[in-house]
Amino acid sequence: MRDRLFAKVRETIEALRETIRHHAARYHRDDDPEISDAEYDALVRQLEALEQAHPEHAGGASPTAEVGASPSGLFAPVTHASRMFSLDNAISDDDMAAWDQRLARSLGHAPSGYTCELKIDGLAIALTYERGRLVLGATRGDGTTGEDVTANLRAVAAIPARLRGDAPAVLEVRGEVYMPTSAFVALNRRQADADARLFANPRNAAAGSVRQKDAAVTASRDLSIWIYQLGRLEGGPSLASHWDTLDYLASLGFAKNPATARVADVAQAMAYVRNAQRERASRPYQTDGVVVKLDVLDEQRELGFTAKAPRWAIAFKFPPEEQVTRLRDIQINIGRTGAATPFAVLDPVFVGGATVGMATLHNADEVARKDVRIGDWVIVRRAGDVIPEVVGPVLARRDGSETLWQMPTVCPSCASPIVRGSGEKVARCTGGFACRSRLREYVFHFASRGAMDIEGMGYRTVDTLLELGHLATPADIFFLQPEALLGVEGWGETSVNKLMAAIDRARARPLTNVLVGLGIRHVGASASRLLALRYLDLRMVLEAPEPELAAIDGIGPVSAAALRQWASEADNVALVQRLLEGGVVARDPAPAGERSDRLAGLSIVVTGSLVGFTREQAEAAILAGGGKVGSSVSKKTAAVVVGAAPGSKLAKAQQLGVPVLDEDGFVRLLAAGPSVLARPAPSASEPA
């Protein structure tokens, strides 16, 4: 009996080890996980508990003592000068208190303080510099051996190719390459347009971008990096604390996360954790926890390492943003353009701070590409306010009862045919505004803040007006009378008057807002601003010849063709006519003064809030001067205009040496042109 029990425990442990190694390779090496981070961590905790309870089985290799996964073989192997470790995890205040007490017992006194850093959800890498020049960039791999991805890391603008100031003889630093959320969304949009595989999350996208055979692909992915650790230093200053180390590395040109903080004790560390978790969704990049490190380097050296992790650091993990649940059905939603978008009906699951019962599946091709089936167990992801999405199926849990899904041939809302045009990725309802689902989404978009900005015209109001039969097209908003809502539950005289006033204000919205509200495919906010600046009048925009439209810098043939197609359709012609009859001005006054080519050829990026300009006014001023409005910072950017609370664009501009202007400088640029951007000559320590 005892032998059978012994064998059973051994069998369970070995099975867990094999499962964990499989999933570690899928995550670290292949960038294609099959289970959520939370499930993986639970497997590791289960194995750790079994090994502790049965030390007779703890001998031999175990993933509880391993870091990452073996290199993939796609790149040359690199042996790290010193091992790159993983981190032990904490998920509660009690875990953190126990860790703090262990440190105190080992040191013989209370720890002297901690440094808290955001745990970035990206790819760990090591960078080696000799006499200030980057000579090697490597992935972590299994901690001992990584992959040589130097050429690709040189393509990441935020990684300095040459250090500033008095560089040491040899320097190795560790950091996390990540993809900002906006860049991830843009990348997946490009992937979808190219009919290519969508990335599951920014971490996988960053890792996949670094592991490209063509460095030009890496360069196109808008990656960035935060440096978090010194690995090796020869010929540099003597440093006493981790905080001093980060300051020193920042002086050499590395990106230090501004959210990093020094705290006195574990209670302050937990306050930092709670604040970081509250602000998680508002950050422009994804985080999955907080790393807490002993600050004093002598104390770090005294504590040393286990086989897997430093004793002087721990990662407090945030609640999971991915979970596994059952996909019960696939249905479709009809959007404002008639696009039929499949979505998953799920067994409700708590993920990313909310209970999720539905998740997007993007389009029919993506359902097929991911091979998602009704009845599958699926990985669901939700990060902050991001719409929940199905990452993919858990293939190992299929039992044969799952069924394939196909796009319906008729609209569930209006019974009109659903058609997918030649070369189109999206199937669409052909019912026009007769489709209530499409009309609902169109009206909501039309009234939204970036468009006609009609306060009070949210989904609830739209649904009420649809149920009462007052809306047949979006333009009917401008023919509403107070009597349409007075007496309806929830609508009193005050609320009705507020809505009527908001509708009246919307009649005079700038032409850019009207164009955005019309929701013309391939004509977004930037293109709408260009068109408004060029033509000033909606009718002139819609009557402009396609070649003329395509020749506008920033419009191009795709947007021009889409605009002409939209303007030729009878429903849209009638919509525009009814908007004008409803009092919508749809025309901008001629700008004061003449337009110029003072900024011709200059790409200018605006970040943060300006005092004397709205974002739209600042961009319009750039366009009026003949310049281009940039959406991201590159070496081709002429200047970055910085207001209050700037985003990551400021750091990138500083990294690339792009001129940075405050609001006064922006005003001078508009008045005097590029002469105000004269760059100082490079110092002797900087490359020319």
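The accessible surface of the chain comes to about 32,100 Å², of which 52% belongs to carbon and sulfur atoms; accessible areas come from the Shrake-Rupley method with a 1.4 Å probe, and for residues only the protein chains shown count as cover. This is a predicted model, in which local features need pLDDT of at least 70 and side-chain atom pairs count only at pLDDT 80 or more, while totals for chains, interfaces and linings use all residues. Residues are numbered from 1 along each chain as its sequence is written, and side-chain values use heavy atoms, with hydrogens and water left out.

**The chain as a whole**

- The chain has 23 helices and 22 strands, where helices (H or I, at least four residues) and strands (E, at least two) are DSSP runs numbered from the N terminus.
- Of the 688 residues of the chain, 50% count as buried; buried means under 20% relative accessible area, exposed means over 50%, and partly exposed lies in between (1.4 Å probe, protein chains only).
- Among contacts (heavy atoms within 4.5 Å) between residues at least 6 apart in sequence, 67% join residues at least 24 apart.

**Glu172 in strand 7**

- Glu172 is found in strand 7, which covers residues 170–178, and counts as buried because its relative accessibility is 4%.
- The side chain of Glu172 makes a polar contact with the side chain of Arg174 at 2.4 Å; such a contact is a pair of N or O atoms within 3.5 Å, and within protein one must be able to donate a hydrogen and the other to accept it, while residues adjacent in sequence count only if both atoms are side-chain atoms.
- Leaving aside residues up to four places away in sequence, Glu172 touches several others, including Ala81, Thr128 and Arg232.

**Helix 14**

- The buried residues of helix 14 are Val496, Leu499, Met500, Ala502, Ile503 and Ala506.
- Seen down the axis of helix 14, these buried residues fall within an arc of 160°, so they line one face of the helix; the arc is that of the directions from the helix axis to the C-beta atoms.
- The buried residues of helix 14 pack against helix 13 (459–468), whereas Glu493, Thr494 and Lys498 are exposed on the other side of helix 14.

**Cysteines**

- A search of the whole structure finds zero disulfides, a disulfide being a pair of cysteine sulfur atoms within 2.5 Å.
- Cys414 is in no disulfide, and the nearest cysteine sulfur, that of Cys429, is 3.5 Å away.
- Cys414 counts as partly exposed because its relative accessibility is 23%, whereas Cys116 is buried, with a relative accessible area of 0%.
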